[in-house]
Amino acid sequence: MSPSPLRRTQKLTIIAKDPSVRVGGKILRAKIDIPAEELSPGPRGYRVQVIDYDASCGLLYPPLEYRTLADGTYNDPFDDEPDETLLGDPLFHAQNVYAIVMRILARFEYALGRRVSWSFGGHQVQVAPHAFLEANAFYSKDDRSLLFGYFPKNPEEASAAPAPQAAEEEEEKTPARKAPHFRDMIFTCLSHDVVAHETTHALLDGLRPRYIDPSSPEQAGFHEGFSDVIALLSIFSLPDIVRPSLDHKAAEAGDRSDPRVISSKYLSPEVLRDSLLFAIGAEIGGGVASRDVPLRRSIRLEPGRDYTQEPEYAEPHRRGELLVAAVMNAFREIWLARIQDLYPKQEKETAADAVATVEKKDGEYLLDRKRVVEEGADIADQLLTMSIRAIDYCPPTDLQFCDFLSAILTADRELRPDDSKFQFRETLRRSFAGYGITPTSKGDRNEVGVWEPPEGTLSYGRVHLDSMRQDRDEMFRFIWENREALGLDRDAYTHVLSVRPAVRLHPDDGFALRETVAEYYQILNVTAAELKHLGIKKPPEMPADQQVTLYGGGALIFDEFGRLKFNIRNRLLNPERQNQRLKYLWKFGRFQELQILEREARRDKTFARMHLRRFELGSTFPEGADDDGFF
Amino acid sequence: MTDSSEPREILLRVYQVGFGDCFLLTFRYGAAGEDDRHLLIDFGSTEVPNGAPERSVMLLQIANDIKSRCGGKLYAVIATHRHADHINGFAIPKPKKTRRNQEQKSSGDIIRECRPEVVLQPWTEQPDAPEDPLTQSFQAHLQTLHAFAATVDKHIPRLRGVKGSSDVLNALQLFAANNVGGNLPANLSAIENLRTMGERPPLFLSYGQSSGLELPGVKVHVLGPPTLAQSREILRQRASYSDEFWQLLKDSRPILDSLDPLFDTPATATAQWTPQHARWLVRRLGSLRSEQLLEMVRVLDDVLNNTSLILLFEAGDKKLLFPGDAQWENWSYALNQEGIADLLKDATLYKVGHHGSRNATPKSLWKLINGKDLISVMSTKPDRHGKIDRRTEVPRATLVQELQKRTLLSTQDMGWAVSSDGEPPSQELKFTPRYGRSPAQRTAPTSAEPPS
């Protein structure tokens, strides 16, 4: 008898949003699908290894060990366990981070049709769910790890939290515990959006390593904004989480008659905007600020204002919120448009479809909860896939939001030329425009904003197409042969960062779209005095002998026949962009930082620093006190 | 009879304290010792010079030397800011009984016995903060920062047990200990001593205020720190989340103090044994943790440096500049005020800010004061702070090179050798002011506000 085929997926219990989100007094949880695999105790798998080390206490918590079931999957030890166990058992914390990190990884691989590497080069990322006592969580490239901190709740909240009966009884027997306890703590590893956000940093950095170079507030903000977008959409794509969350506060207050329906009053743009589904770090934000506010709720940024000109939005995190607002507003708009179809168009339809849609009173409708949520999950899933695919279509250096917009439009157009059904692209264009972001590219004959095809005649005669699909040297040969046509700077150092295949399934006919994506970048080191000859303006106070590094680069997209479809690039000698970049870096004293990072090859610490800055560090080099200001 | 309306000589005694500051500034109006006015500018050390006795003994020797040189009477004490390396000499620890059951005096007792008429400190030290909510919140912020430093300070033995780079931990220990403020009993006693030792109530100064010093023929300009109403620069290092963030860290203290694990699940102490597969992460995370803490403690070090009192003493053609540890954010306000650039142009003496660190002598300041006759005085100890390859070493090599183009007196060249009379090592600089004889200058006010 041949062995039964191995199961490819596995379900594990996680905390749906974070422990502060409760339905019926219980923490809202979800079972999510992740790739099945042979796990070692930890869990330690082929891409993710949980090592529960707490550096603040020097303690190593024991590993989680699964039992393999008859069908080859492993048991879910926390299925139906009480909330107290979820909060107080570090083994569950290990499962929670393992499952969420694996899901985000799998989501990237699904969207791109290939394996996606961590940026540090190794196969397995190490995850520490209780890394240190601090209100912080970050990806550390240098340490090949995702690190999640924990910190005390504000005292009022900690004492107000009800202790479960069993624990109280136990405490009666033993003397009162003075030491801090998990009940007084907020664990960042239990926040779904925080874990998803940090994982995205690690994956995005693997796909586009030059995005952590100091460049512009948008490039710095992109990492943050994109990670929020992925975190929010990946949660929205889980119906198990969205179904009870939409009106969970009302449900907590007892305002829910029939769980199969949802009142239309919870589906207005304003109410959705304020729902916790659009919030990042609800529990953590409350813990840090001692108020009921999430860390971020970018969707509240109203469109129609040019935020990019306001000084506050020169700060990378704030700038990143504009990207989140643009994508999430588009999501909300498409979702609400689809929900519109559920409303009765005429009185008689109400009667015909009584369960799905019933008019209640005062214009309030009760809609089929399952369909509302499924529509949302479906749109979130598609937007999530589009956003991840867009990365392949983004220039590899000096990224700006307008580039990302052209990238997402093009990546989607290549797969689904017809946008008329749900108008994803049209809505994205409109939503981004509301924040002053218009596509970099004018577009082609058929569609506004998509990247234009390459200009000039390319030579393929001396390269081997098959080799070019995977070999960086072969790809470099192609680039070198065509350096004039591709618009490369002749004198700059040129380097192919990656050559990767991408396979995507067409949603309509199921056929695969095969592409090859290569990224190259160029570096030119000049003195400030030389900038003038390159047509670039020297910031007025910059000394003539200041060393300046200019970056440029492009992503080359080849079709299945090895022909170049797009050369998506930031020209090294693009005076407008370089002027902006130098002005920004000089003004905010980032030259100093850049040089230290370059010298120490410590770009990996960027995430830790960025996240600390969110709290306190701000710009450690004040405006005007630039690198040249000190000895 | 000498003319006592203006100083005949100005003497500056630079004490060797290792990593710290201690200067005795004397305005001599008559014959030596006859009509001198002595000002003690800072008195502290966090790292004694090589060869020196332990800190409390060294500080006591120096205090006794100060007392004998000022004839038992100080005119004023100036504590530029709250860092331990500037004030711990003023501490009065709980009295220890010697074998003969006599109470042993501390350096703080000795200075107190010199009955300074007035003690000058920056406005941030004022115990009853003005009603302005921004100022109050800034002072509360400083308190939280001190408490955080104290938490870290206490945490260091445990961090050493957890492994990690000893360089980083040593730096962390220095920074944390320097920033604990009143959270350490010794520092608290120094702060209290400074508040109560003067015969007059202490003065808490900000840019542009009168110094309150009565030194005939000497203009004393208070150039910093600015108040928050004058400049928000010293607030720059705190963003909107900061208070709560630091508050959280401060509140972490009970957890750090406790040895009980967070969970009921038994855990392995990695100091004893670590499983093979976890060793790499345990090692990396140990050093990362200390680096993170160091980065945070450095921020508060900068915040406190920027509360430094900046004083310029002007007598005749001599100008002596004492900026404490002020950094760019503090300096930037004064440097942007009209007339200050001209005032600083022909400085005679520059007390190098912050022991020669990179951030405390901005090039824009140096360009102003860098006259051919400038003498710089730097009190420092090398190889304690920072790294050459990060350009953070103290003293900063490129700054020292620049200072050496003029005249530089650095305590790092002084060593430690007590003289046969039992005097601790120090060096004296003498300045003889020349006075224009125009009537206007003869009747110059004794203390002046900078032009604004």
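Start by selecting residues 369-392 of chain A, which form helix α13: at 1.5 Å a residue its 24 residues should span 34 Å, and the end C-alpha atoms lie 36 Å apart, which agrees. The expected span here is 1.5 Å times one less than the number of residues. Helices (H or I, at least four residues) and strands (E, at least two) are DSSP runs, numbered from the N terminus.

Before moving on, a word about what is on your screen. This is a predicted model, in which local features need pLDDT of at least 70 and side-chain atom pairs count only at pLDDT 80 or more, while totals for chains, interfaces and linings use all residues. Residues are numbered from 1 along each chain as its sequence is written, chains are lettered from A and ligands numbered from 1 in the order in which they are written, and side-chain values use heavy atoms, leaving out hydrogens and water.

**Two helices of chain A**

Now show A:Asp368 at the start of the helix: one of its side-chain oxygens comes within 3.0 Å of the backbone nitrogen of A:Lys370.

Next, select residues 90-112 of chain A. This is helix α2, whose 23 residues should span 33 Å at 1.5 Å a residue; its end C-alpha atoms are 33 Å apart, which agrees. Here 21 of the 23 residues are buried, and α2(A) is mostly covered. The N-terminal end of α2(A) is capped by A:Asp89, with a side-chain oxygen 2.9 Å from the backbone nitrogen of A:Leu91. Just after the helix, look for A:Gly113, which has a positive phi of about 65°.

**The whole of chain A, and one aspartate**

Zoom out. Chain A has 21 helices and 18 strands, and 62% of its 631 residues count as buried.

Now zoom in on A:Asp228, in helix α6 (residues 217-236) of chain A. Is A:Asp228 buried or exposed? With a relative accessibility of 2%, A:Asp228 counts as buried. Apart from neighbours within four places in sequence, A:Asp228 touches A:His197, A:Ile280, A:Arg296 and A:Val324, where contact means heavy atoms within 4.5 Å.

**A sheet in chain B**

Move to chain B and color its strands. Six of them make an open sheet with mixed pairing, in the order β7-β9-β10-β11-β12-β13. Strands pair if DSSP finds at least two bridges between them. At the edges are β7 (219-224) and β13 (407-410) of chain B, each pairing on one side only.

Follow β7(B) to its partner: 5 bridges join β7(B) to β9 (residues 310-315) of chain B, and the two run antiparallel. In β9(B), B:Ile310 is the bridge partner of B:Gly224. Helix α10 (residues 328-335) of chain B packs on this sheet, touching β7, β9 and β10 (318-322) of chain B, and its direction makes about 125° with that of β7(B). Angles run from 0 to 180 degrees between N-to-C directions, with axes fitted to C-alpha atoms, for helices over the stretch in contact.

β7(B) is largely enclosed by the rest of the structure, because 5 of its 6 residues are buried. Select B:His221 in this strand; it counts as buried at 4% relative accessibility. The side chains of B:His221 and B:Glu314 are joined by a polar contact of 2.8 Å. A polar contact is a pair of N or O atoms within 3.5 Å; within protein, one must be able to donate a hydrogen and the other to accept it, and residues adjacent in sequence count only if both atoms are side-chain atoms.

**Backbone details to finish**

Select B:Gly224 and B:Pro225: the peptide bond between them is cis, with omega near 0°. B:Pro225 sits in the loop between β7 and α7 (242-251) of chain B.

Finally, visit the loop between β11 and α12 (363-369) of chain B, where you will find B:His354. B:His354 has a positive phi of about 50° although it is not a glycine, and at 12% relative accessibility B:His354 counts as buried. B:His355, in the loop between β11 and α12 of chain B, has a positive phi of about 55° and counts as buried at 0% relative accessibility.

Definitions and conventions: Buried < 20%, exposed > 50% of the residue type's maximum accessible area, 1.4 Å probe, protein only.
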